[in-house]
Each structure stands twice: as C-alpha cells, then as structure tokens.
There are 2 protein chains.
Amino acid sequence: MDGQTAAHRRRRAGGHSANARRRGTGLIRQSAWRLPDNRDRPVEPLDEAGVAAIHDGAMRILEEIGVEFLNPEALALFAEAGATVSGTNVRMGREWVMEMVARAPARFTLTPRNPARQITVGGRTILFGNVSSPPNYRDLTMPAKSPGTRAQCADLLRLTQHFNCIHFAGGYPVEPVDLHPSTRHLDVLHDKLTLTDKVVHAYSLGAERVDDVLEMVKIAGGLSEEEFRATPRMYTNINSTSPLKHDAPMIDGCLRCIRRGQAVIVTPFTLAGAMAPVTMAGAVTLSIAEALAAIALFQHVAPGAPCVLGTFTSNVDMKSGAPAFGTPEYMRATQMTGQMARFYGLPLRSSGVCTANVPDGQAMWETSNSLWAAVQSGSNIVYHAAGWLEGGLIASPEKFVMDCEVVQMIQRYMEPGIVATGPEEIALEAIREVGASGHYFGIDHTRARYETAFYGPIVSDWRNFEAWQQAGGVWTAERAHGVFRQILADFEPPPMADDRREALADFVARRKREGGAPTDF
Amino acid sequence: MDGQTAAHRRRRAGGHSANARRRGTGLIRQSAWRLPDNRDRPVEPLDEAGVAAIHDGAMRILEEIGVEFLNPEALALFAEAGATVSGTNVRMGREWVMEMVARAPARFTLTPRNPARQITVGGRTILFGNVSSPPNYRDLTMPAKSPGTRAQCADLLRLTQHFNCIHFAGGYPVEPVDLHPSTRHLDVLHDKLTLTDKVVHAYSLGAERVDDVLEMVKIAGGLSEEEFRATPRMYTNINSTSPLKHDAPMIDGCLRCIRRGQAVIVTPFTLAGAMAPVTMAGAVTLSIAEALAAIALFQHVAPGAPCVLGTFTSNVDMKSGAPAFGTPEYMRATQMTGQMARFYGLPLRSSGVCTANVPDGQAMWETSNSLWAAVQSGSNIVYHAAGWLEGGLIASPEKFVMDCEVVQMIQRYMEPGIVATGPEEIALEAIREVGASGHYFGIDHTRARYETAFYGPIVSDWRNFEAWQQAGGVWTAERAHGVFRQILADFEPPPMADDRREALADFVARRKREGGAPTDF
C-alpha cells in the first residue's frame, strides 16, 4: 500500500490535526505516572546447567581470550588491579571479576531535576524510555525518511515529556544533524532539560561532551557538586564494539560518570551470525563477557557504582545480512540475558525494537514481541520503547504514539487491582442479583467501578466498523499522527525556575563561545 | 489514512498478485508442521488464596444460585444425577461437580482424515486454529465489509490448509450467507473436508446438523462407526448464554458428540461489565461456574469424555458498551482461567482476538497481546488465531496471513534449539577463532548452521528503508494481500481417495434432497 503517498497527499490537503479534532478525538487521555511493579515470574528458558554454561563460557572468554580496551587509562587501571594486559588485550580471572561485579548495587534510584520523576532501577520495577539515536526522521507527511533536525528532536522530546508511561529521556530521540557536532550536545541537552523534567542521559562521546552534560544536569537541578554526587542524577549508556572490544571514548565517559556518582549501562550489541556466534547462547555468552569486563573495571574504580547490564542480542537476516529485531531469537536472547543478570545481581536493560520501515502491522508485532520479551525477562530499563523504526535508523512520531499505547497497556497489565480476588471482586452478590436474565450495566457493583475498571486507550479505535468508517476509516498510523499533532499543539513545558533556566542558557552560550567539543574523535 | 481506498484503487489498476511476483516475493516459505511444546512456566497472577477464592465463588454459584439449562434432556440427566432442578434452574453440590470434572482426561488426541495431522490437546502442547464464525468478510480490494460467501469461506479454508502453523480448522472461517441455512453445513463441511485434511468442528446448532457433520467426518475418514467412536476425530465448541444459561441446541450437540466419543469445548463468553461482573475475578468466576456445570453434565453422561475449558472473558469499552479485545484485562483473565484449568485438570482453550477493524498496527498489538496471553496462560487450543478483525465480525485474509506470521514466530520461539547451551552453542572455539577483529559470517561454525539458525518470515519485510521503498514501499497489509493471492494461485487440495470423495458428495446430495436441517430453531 502506498501509505505514505496517500498520507502525504492528505496532509497537504488539509492537515491532520484539524481532521483529528473534527473526528472528536478530544483531549488525549492517558494513565497517570507510576513505576510499574512487574510481578510476573520471569520466563526462564535456561536451566541451572544452562546458566552455568553461559557463565563459564563468559569467564573463559575473559580468562583465555580477553577483551580489547582501546582506552589507555582503562589499561592502566586493569594492570593495577592485577589483570593480564598485553597491548590492548586484557585478560582477567573469574574470581576478581565476580568480586568486582558483586560490588554493584542490585537497585538504585535516578533523580532528575523534578524529584517527582525519580525512578528506581532494579528489583521488580520496569521503566520505559524513548527511542534513542536514529539518524533519520520520518512522519507520515514526508515522502521518505531524511536526516533529523533539532526541531524534530524537540518534538520527540515533547512526546517524551507528555507520556506518563515514558519514565526517562534516553539518548537523542533523533540525531539533529542540522546542528554542528561540536555544539550539538549543548543544544539538545538544553532542549531536553527544558522540555522535559525526566531523567536524562549523556552520550559517552568525548570528555568535553560528557562533562558538559554532567554540568548542565547539575545546573538544571540547581545542585551543588556535593548534592550532584550524593545520589545518581543521570546516566550514560555505552555499547561495546563487538566482538570483544571497548573503544576509548565510551569507557572514558563511563569513568567520568561513575567518578561523580552517576550511573552507567553497558550494552553490547551482539548480532548473532555477524559480530557474534550464530547460536543464541554463543551470542549471549559473548555479550555477557563484554559487559562484565567493563562493569568489573567500573567497580574497581568506584565500588558500588550503579551499573546496569544491557542486552542487545538479535539475529541477522541470513539472506541479506541485515539485522532483524523482535524475532523469536531476540526474545529468547533477552530472556536468557535476564537470567544471567539475576545470576550476577545486576539490573537489566533491554529494548523495544523492530525491523519494519513504517508504523504498520509488522512494526507492531515486532515491537510487541520485544516489549513482551522485556517484561518476560524481568528487564528494569527498556530503551527505545517508543518511536523506533527500521532497526533504529528512523525515528517516527506516529510509532512513538502507537508504542506508548502498548507500553501503557503493559503498565496497566501490571496493576494488581486487575487480578484482585477479594469478596468484592469475586462479586457473588452481584452475580446473585443479576441471576440468569439480567445484565450488569446498571447494577451498583458496576456503577461503583466502571470509570476505572478497564484500560482506556490513547489511539486505539474501539468503535465498530460502521462507526469507524463513517468517521473516515482512518488506520492506526494516521490516527497516531493526529494524536502527535494534538500533543504538540497542547504542549506546555514543565516548570523551571527562571534562575536555573538562565544559568543553563548562559552555560550553553559560554561553551559555544569556547567552541564546544572537539570533533576529531 | 484512507488505506482501503488507496488499496482498492491499486487493486483495480493491476492486481496485487502480479505485483507481488514482480517484487520477487517468490514462493511463500513457511515452517514445517509441528505440535509446539510450550515449555515456558505459565504466568500466574493468582496466589493460592486467589485460586481458592475463584473456585469457592464458582462452587457457590453452582450450589446457591444455579445455572439455567434450557435443554429438557439435560434437566432430566441432572435430576437423575441428584442435582436440584427447579424449572430450568439447576443447582449442584461441589463434591459432585468435582467428582465429575475429575473424570475428564487432562489430555487426548484428535485424529482427522489425514493421521499425520493428528493433534494432542493438553499437557504443554499449544495448538492454533483459524478464525471462526465472522458474519462478514473483507479483503483490501473491497471498499467495505460485506456478508460472507461460500467462495470466500473456501479461500479461507485454503489458507487454513496451507499454513503449517494452523493445526485445526475451527468453525466456518466466514459465515457463507449465500448458502441456505438448512444445507449450509453440508456445503461448508464438504469444502472443509476436501480442501483441508486437518481436524474439523461441528456447530452445535441442531440435531440434524451435528449428526450430518459427524457422518461426513466418518465418510471422509473412511471409518466404520466403531472406528469413528474408538478415538476422538473431531469436536464441537459451545458458548454459554451468559449470565448463567446454557441453551438447548448447544447442549444437545455436545451430548451427541460425547456419546459418539468426540470432544467438546465449553467456552462461556463473559464480557466484564455487560453479561458478567465488572471485576475480572468476578467475570472469571462466573465463566468457570458456567463451564463446569456443562462439563460435569457431560462427564456424568460419558465418563472420561474429552472436554476442554474455554475462556472468552474480556471487558467492554465503558464509553460505548462495545466489547474490547486484546486488552490488559483480557490478558489477565486468560491467565487466571489458565490457573483454574490446571486446578481442575482440564485442557484450556483461549483465543487470538482484536477490536481493530482493519489489519493495521492496532490489530497487531491487540492480537499480539491475546496470542502472548494464550502462551502465558498455558493454553492448549487457541481459537481465532488467524484472520479475526472487528471483535470477530470480520474475517480478513490479509489478517490471516499476518497472524500466521505471529503464530509461526511463537512456534519457532518454542523450539528448544534456540536456547540450547551445549559446548557447540556456547561456541567458545568460534569466539576464540574470530577474536576481537574478525566477523562471524564466514567461519565454519556459522556456515554449518546459518540456513536453519534463525526464523524465516512469511510476510515481514526485513529490507532496509531504501530497498523497501525502491520495491514500491508496500505496507504489511498489502504485502499480506499479495501472499494471500499467491497461496490461492498455488493451492492444491490435499489428496483424498476417489471413493471417499464420491461418498461425501453422495451424502451431501442425498441430504440436500431430504431438505437438510430444519431452520426453525
């Protein structure tokens, strides 16, 4: 279906926002902010021997094969800790690794500038964040994807702030390539810290960038250096360069964060059959070894530093070599990594992902697969949970809205009230009252509960076919576009004290005058 | 998005089948037939007290409130068994109910005319069937839904036969309202038994219909009455008329089936807030009471008769009163009923469902929710797993194809090989061989496995955006239409001996001469 062309035409012919209003969409309703408690027992495909086999494999990789660290400081630190350093190759004994990893907390908090948006990472809490780092953007008014801009990035940050089911602002929701790389981080963080009041992230892409972001978070929170360091306020997320390599700026950024009390997520990107073994157990084993090598280093440097084990293990399409996401293999790898995270006592990060290029059926079954795998694996942090298309190469505002429906349903699913079985919920007296011939619409038991009894959707259309067709026969992606436009039209940035806002602007201006960050890395 | 109009135009302008071929879709690939082994521990939202509360509630309904049976024979049988019968109201003691339910087998087989398509119902096996009973049909060439025809019904039966991930042919995949009700069952069963060789179903809609279908299954299988009765060959599925009522033909059909050794599924349709309490525990409790009342009767009549507990508990949209499917409440109700089924030692039937009107994003997240709930609940039989739209009012061939992708992924997900952790899967030697600078594409460990290592999709497009757009930028629903057309073009019915085919045709002709079934029920 030439969906985007039809959409494009339609958009030019009148705009969707007005159209959505004509359809009587009204205010966008959504659930309240909450930290969902995932009470489901995790799905655990590995037996005890399987966990032991992956652990042993990861330990043997670290002992016998080693991991390359391209960061000289890391090499010195490893040598100091007694690891075997040969050039950039580092081998380390399992006792030391396990001793270091055991220092990491099983749970910790992240407190953004608005303390009401504090999040807990670990335990049974599952948190969701926006898509991070796509180089391209496409909404349905555009004939094709194109490189991201600051304005689009800001719009996606508005969605991040709007949706209560999104707990933190991950990386840039689209890479704003209209901004110069030397000062891009200053502008995006300025937008992020003013348009949202949720936990933010620093890319580990060079010392100056990381230090700038740390400073901006401090300023936005009105914090002294001591207050900033007292509890984690933000985090960074790094990928290894699989197989078996950690590059210099990623490790540097993490060291900068942990030394000032902030959190790190280490997420190897291991595509089975490409940069990892074709077997899922092999890919997970490689991923675990890469992650633990870095986490052990960080715990050596800053015992008790908040560290999260990330998983990004999927498979390639063996016909094209392209990555595929939301596959059965992806789901099982996520669950297996969840078992390993619990084995090591580390919080787990996974993702909401898909291979699809447009926000259609395929996009949603792949995304549903990955989001349910996040639930099943006991994930604590779910990256890319809203807005991701084309294996992470496209940020889509329609997909963002659609994903938030799925994410919000997952959070509703976790409310204990749904499965309560007290006498009032078993409702024997109501059943007796209605008997075999009445109905439940009008009875007191129903009237007392109906407003909050059931999930209320964001963009789902629950009308019957005739009513839906009468209203224009609008498919989900186009409805989502209307919701997106309406959210932008209604958006009000969260409050921020004038002095902090000015201090933030001053900092950005000063750092721009100084030339920002070097771009030669 | 005016998706269906664009599609309609496109279809008229050239047809999608040819288009699909031009795109080089080639042969539709799919996984082999298998009976999936669901090794995941079920998700169990109820604690022991919760299970006890629902059980006690259901038993008190049966003891204190009673269930209406509009079938006189059933009333006499209940009286004979010692139940308290007052008019059409039947109350029964929990000891008797539990004694009867305990007679039902925890697992049994169903053997269709092709013994290679035998299925096992119970244990950890999960089986999937096509959509059943929508009154309307719509493919993307049609501007709107319209009442089903025999030709459309046959096309959906061809899909049922084609897809290895579909294990049984449920009810009519669309109601062919162009056929007279008195002989409709004869024509559809003829089509079903010749176009498929999988397990079939009889609607419990009057004695003559049920007896006709039993006879046709016997003929198609070339079975004597003794052989037919020796093991279950087919089944019926009934709904109660919630709240608390079983109508006459449904119970009659079940009695006819169990007396000749065939299986029954009892599936109360309890919409919380409408014909059941607004609380999910109350709706499930009501559903359990209704189902167990019927199953107890059947076990009294035919001890050990194969019976399945069905669940169809969802919520209404409290704004419109319309049913909503694939909701968080639906998922939890399915899981709760799964716990109760295991408590009673009965196999469980659930469904693949959605509220959406078209095969778009909403359709697929709702369907994914319901199919994953089927997995999580330990369901043994999944009805409506392919082709369902608009809360069951529309059969869609595109949705059928798209659902089969999800169902096939679930079956791949259940293959133990994905999570194997032997030395060959941990792949330490491959990891050593590649080290930190190579890649895994070309190594022996990959080459020995790559053809079967990963899931191969039916309709998912895993190309990047540019390649996808170059090939026409076709959204999933339209691609599914192309797959549908290609399956029809390539379809060959399964072999059937000439004598059986003739005997079947003769039977249909004779019963038509006799006038078929009365239509005054």
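Q: What is the hand of the crossing of α10(A) and α11(A)?
A: The crossing of α10(A) and α11(A) is right-handed. These are helices in a predicted model: α10 covers residues 248–259 of chain A and α11 covers residues 280–301.

Q: How do you know which residues of α10(A) meet α11(A)?
A: A contact needs heavy atoms within 4.5 Å. On the α10(A) side, the residues that meet the other helix are A:I251, A:C254, A:L255, A:I258 and A:R259. On the α11(A) side they are A:A294, A:L297, A:F298 and A:V301. By class, that contact has eight nonpolar residues, no polar ones and one charged.

Q: What about B:C153: why is a bond to B:C404 ruled out?
A: The closest cysteine sulfur to that of B:C153 is the one in B:C404, and at 16 Å it is too far for a bond. Over all chains, the structure holds zero disulfides.

Q: Why is B:V382 called buried?
A: Buried means under 20% relative accessible area. B:V382 has 0%, so it counts as buried. This residue sits in strand β18 (residues 381–386) of chain B. Beyond its sequence neighbours up to four places away, B:V382 touches B:F128, B:F168, B:L371 and B:A374, among others.

Q: How are the two copies, chain A and chain B, related?
A: Chain B superposes on chain A by a rotation of 180 degrees, with 0.0 Å of shift along the axis and an RMSD of 0.0 Å. The two copies are therefore related as by a two-fold rotation axis. In chain B, the C-alpha nearest that axis belongs to B:G361, at 2.2 Å. The same surface serves both copies, since 100% of the contact residues of chain B recur in chain A.

Q: How do you know what kind of peptide bond joins A:S242 and A:P243?
A: Omega is about 0 degrees, and the bond is cis. A:P243 lies in the loop between β10 (235–238) and β11 (245–246) of chain A. In chain B, the bond from B:S242 to B:P243 is cis too, with omega near 0 degrees.

Q: What makes the phi of A:L244 stand out?
A: Most residues other than glycine have a negative phi. A:L244 is not a glycine, yet its phi is positive, about 65 degrees. It is found in the loop between β10 and β11 of chain A, and at 1% relative accessible area it is buried. B:L244 also has a positive phi, near 60 degrees, and is buried at 0%.

Methods
Residues numbered from 1 in each chain as written. Chains lettered and ligands numbered in written order. Predicted model: local features only at pLDDT ≥ 70, side-chain atom pairs only at ≥ 80, totals over all residues. Heavy atoms only, no water. Disulfide = S-S within 2.5 Å. Least-squares fit on C-alpha atoms with pLDDT ≥ 70 in both. Helix = DSSP H or I, 4+ residues; strand = E, 2+ residues; numbered from the N terminus. Buried < 20%, exposed > 50% of the residue type's maximum accessible area, 1.4 Å probe, protein only. Axes fitted to C-alpha atoms, helices over the stretch in contact; angles between N-to-C directions. Left-handed = near helix turned anticlockwise from the far one by under 90°. Nonpolar A, V, L, I, M, F, W, Y, C, P; charged D, E, K, R; others polar.
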